[in-house]
Every structure is written in structure tokens, then in C-alpha cells.
Amino acid sequence: MRDWFRNHDISQAEIAACLGLTVSAVSRIVNYQRSLSLENAMKLHEQFQIPLDVMLIDNHS
């Protein structure tokens with residue numbers, strides 16, 4: 001997820017503003033230390049056209 005944001009010039013601050021979260025909370029999400037709710041994934045998809053599969057993959061395997 002982090003790489004997708006970087007490749008599309010979307011900052012964690014922009015993500016935080018969209019979701020009403022702190023930048024540190026977004027950092028935990030993009031580093032897979034905190035889960036992203038489906039509702040927030042949909043918000044990001046609508047705002048930034050981020051594919052849902054980028055946000056909802058399981059990187060804990």
C-alpha cells in the first residue's frame with residue numbers, strides 16, 4: 001500500500017485528512033500494523049481511485 005501511495009504522489013497527510021485520522025494512524029495502516037476498515041477503504045477508493053485490492057490484501061502471510 002505504501003508503495004502505491006508513493007507511486008501516485010499521495011501523501012500520508014492527504015490520506016489522514018480524507019479519513020479524519022492522524023498521520024501516525026495512517027502510518028500504522030500502511031505498514032500493516034493497524035487494519036483498514038472497509039468503510040475507510042471505500043472512502044480512499046472514491047477520493048483517490050486506489051484499487052481495493054491494494055488496500056485489503058493480507059500481508060501477514
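Between which two helices does the loop with Ser35 lie? Select Ser35 and you land between helix H3 (23-30) and helix H4 (38-48). Before moving on, some ground rules: this is a predicted model, where local features need pLDDT of at least 70, side-chain atom pairs count only at pLDDT 80 or more, and totals for chains, interfaces and linings use all residues. Residues are numbered from 1 along each chain as its sequence is written, and side-chain values use heavy atoms, with hydrogens and water left out.

**Stop 1: Ser35**

Is Ser35 buried or exposed? Ser35 is exposed, at a relative accessible area of 63%.

**Stop 2: the whole chain**

Zoom out and color by secondary structure. You get five helices and zero strands, so the pattern along the sequence is α-α-α-α-α. Helices here are DSSP runs (H or I, at least four residues), strands likewise (E, at least two), numbered from the N terminus. The C-alpha atoms fill a box of roughly 30 × 25 × 20 Å along the principal axes. The radius of gyration is 10 Å, which agrees with the value near 10 Å for a compact globule of 61 residues; that radius is taken over C-alpha atoms, and the globule rule is 2.2 Å times the number of residues to the power 0.38. Of the 61 residues, 33% count as buried.

Contacts next (heavy atoms within 4.5 Å): among those between residues at least 6 apart in sequence, 45% join residues at least 24 apart.

**Stop 3: two positive phi angles**

Select Asp9, in the loop between helix H1 (2-7) and H2. Its phi is near 55°, a positive value in a residue other than glycine. Asp9 is exposed, with a relative accessible area of 68%.

Then jump to Gln49, in the loop between H4 and H5. Phi of Gln49 is near 60°, again positive in a non-glycine residue, and Gln49 counts as exposed at 53% relative accessibility.

**Stop 4: confidence**

Finally, color by pLDDT, the predictor's confidence in each residue, from 0 to 100. The chain averages 89, and 92% of the residues score at least 70. Which element has the lowest mean pLDDT? Helix H5 (residues 52-55) does, at 86, while helix H2 (residues 12-19) has the highest, at 96. Where pLDDT is low, the predicted coordinates should not be read in detail.

Definitions and conventions. Buried means under 20% relative accessible area, exposed over 50%, partly exposed in between (1.4 Å probe, protein chains only).
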